[in-house]
Amino acid sequence: MAQGRFLNFVSKEFKHILRDTRTLLIVLVMPVIQLLIFGFVISSEIKNADYAVLDYSHDYLSKQLVQRISSSGYFNLKGYLNSFKEIEKAFKNGDAKLVLVIGSHFDRKLQNNRYAEYQIITDASDPNTANILASYAQSIINSFTAEHHAAGQPRARVNIQSRMLYNEEMKSAFMFVPGTMVLILMLVTAMMTSISITREKELGTMEVLLISPLKPWQIVLGKVIPYIGIAFTNVTVIILMGITIFHLPIRGNLLLLVGVSSLFILLALSLGILISTLSSSQAVAMFMSMFALMLPTILLSGFIFPIENMPQLLQWLSLIMPPRWFLSALKTIMIKGQGLQYVLKEVLVMLLMTTIFIILSIKKFKVRLE
Amino acid sequence: MPAIQITNLSKAYGEVKALSDINLSVNGGELFGLIGPDGAGKTTLIRIITTLLLPDSGCATVLGLDTRHDYKKLRGLIGYMPAVFSLYSDLNVEENLNFFAGVFGTSVRENYDLIKGIYHMLEPFKHRPAGKLSGGMKQKLALSCALIHRPKVLILDEPTTGVDAVSRMELWDLLHEIKDKGITTFVSTAYMDEAKQCDRVALIQKGKIFGVNSPNGFAQMFPYKLFAVYSSNIWLHLESIRQMVVCETAYMFGNKLHFATNSFDLRAENLRESLLSMGIDAQVDEIEAGIEDYFIYQLSEKSRS
């Protein structure tokens, strides 16, 4: 009988979700759109950045160099400039993000084993992009000069080759797929559950549920179960989209990935339940979710801004942000392909947080109206 | 053993005293009315009886179970219909009923005989979402949902508020049927004219109960001689009638005027003549006071003191 009572409750909850187009859109369609937006619009990848050349040599090797840069896939040649003055114009018009200036007698200097002069000028109004562009151009030029420098006369010198391990192509998918997953799970599980529980309070149905023989944990679990299902759907959809659309390799153990995701779903749910016990109306729950969950997820989890670059105070603050730990574990598993022993700390922290939230929720759950 | 026993109950919200020193006893199988204006403390009292609020002092027992300590046992034995519409508006009539039956561990079929009277009125709309029902239909559905687990005590918080006159009558008929099935029914309302529907009535104002009696008992407590005065636009003369020496109190009662006097030898024709001399041509009948007259008398006494 108690079993049937509970199933009855869960099926009611599913009906609420399925009949409310707005909720359905939020929980099922929004994740897809969000992932696509992060993937295609807010991309930090460099592809076909426009650049211009001011060539004082116009000799064989200088042309070879330009050709090499243009064919790298990162740069797109917009044209040659005629004078130094034109550089600023090109930046201001937005024609180029980077200008390569090649000094005179490039060919001869290089062949004669002297220093060939060149200069890279970037538009640093977007400093991150400028930095990346400059270093890309630098490394292409370095390898080019190494090949042509006094051809046939090997010379001992230090050759720095940097490699971007785990993300050699600097794909932003590595950053935004795990990030979006965290954001969506927070939104769907924590925010939606806290709202759906407080809705019963606001409607007055909680009064009737409270005086029914249903136990408080049955009420809460019954409200939460549908969202667990939705959260898993979201995880699957996001991972599949990551693999098929953004060519994200899943290097780690899929089972471990699912396990860690489940733990985070549980964590987010307990946080949502805690919020619902603290707030009396949907608006309050929404507000608390926004400030307690969304902003920290975006700002302090390392999703967009690297934790290492934050002021010390914010770094400490980020330690108590649940998404930080999940994101870190997610990246370790998905991208580095590591096993459980490398995410043990993250898993333990999340377990601890979940326990604390659940204990607090049980303490705070009101069996009466006050 | 009374079905509901309230002893020295007080409850305050911060500085505001919602209930002060309430004593009340409701017998098993009774249809009991709690009557008072908005803000009198009706909902607070009902929430304490239904174990949803704790009193600051005093205690309440329902079916001999204390609402503070035995709330787990008590919940499930009570049927409760809150003042706000508390069904799921996105679920249809049938689904709401099945849901609440399921929550209480029973089924609609099991207790169909109990709600048959109400449910046959709802049957034509059973696939309509609860949110799209009329006010009266909503209340009937809420009543069915509160009854579906065959509670021993049924507690209704202002079930007739915001419901049209016909539906109100129907609801009261239903409550009589429920009472006839042996279920103790406790109803709160702000409408004084509904008092006569109850076996016994408690009058509540500003958190205090000032009288528990049968509707007839209350009527007999009315201390004055009463006349009904019929005349078109009689309300225009209300102020001048109140100035009359023999007038104790006068008030509009529907489309007529009730005139109370302390002079027990005053007769209808005397009053008619006095009114005529004031230029009011009216029909005057001597009448028996009703419970509402007593309430109006009591409420004005209370506000004067």
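**Reading a loop, its salt bridges and an interface**

Author: Let us begin with B:Glu194, which lies in the loop between strand 8 (184-189) and strand 9 (200-205) of chain B; helices (H or I, at least four residues) and strands (E, at least two) are DSSP runs, numbered from the N terminus. This is a predicted model, in which local features need pLDDT of at least 70 and side-chain atom pairs count only at pLDDT 80 or more, while totals for chains, interfaces and linings use all residues. Residues are numbered from 1 along each chain as its sequence is written, chains are lettered from A and ligands numbered from 1 in the order in which they are written, and side-chain values use heavy atoms, with hydrogens and water left out.

Reader: Is B:Glu194 buried or exposed?

Author: Buried means under 20% relative accessible area, exposed over 50%, and partly exposed in between (1.4 Å probe, protein chains only). B:Glu194 has a relative accessible area of 3%, and therefore counts as buried.

Reader: Which residues does B:Glu194 touch, not counting residues up to four places away in sequence?

Author: Contact means heavy atoms within 4.5 Å, and on that basis B:Glu194 touches B:Thr160, B:Arg168, B:Trp172 and B:Thr189. With B:Thr189 the side chain of B:Glu194 also makes a polar contact of 2.7 Å; a polar contact is a pair of N or O atoms within 3.5 Å, where within protein one must be able to donate a hydrogen and the other to accept it, and residues adjacent in sequence count only if both atoms are side-chain atoms.

Reader: Where do B:Asp199 and B:Lys179 lie?

Author: These two side chains meet in a salt bridge (3.1 Å, N to O). B:Asp199 lies in the loop between strand 8 and strand 9 of chain B, and B:Lys179 in helix 6 (residues 165-180), so the pair ties together parts that are 20 residues apart in sequence. B:Asp199 is partly exposed, with a relative accessible area of 30%, and B:Lys179 is partly exposed, with 23%.

Reader: What area do chain B and chain A bury between them?

Author: The size of an interface is often given as the accessible area lost when the parts come together. Buried area is the accessible area (1.4 Å probe) that two parts lose on being put together, summed over both, and here chain B and chain A bury about 2,600 Å², 59% of it on carbon and sulfur atoms. Of the area that chain B buries against chain A, B:Leu52, B:Arg75 and B:Tyr88 supply 23%, more than any other three residues. In terms of contacts, 32 residues of chain B meet 24 residues of chain A.

Reader: How many salt bridges cross the interface of chain B and chain A?

Author: The rule finds three salt bridges there. B:Glu95 forms a salt bridge with A:Lys15, with the closest N and O atoms 3.8 Å apart.

Definitions and conventions:
Salt bridge = Lys/Arg side-chain N within 4 Å of Asp/Glu carboxyl O.
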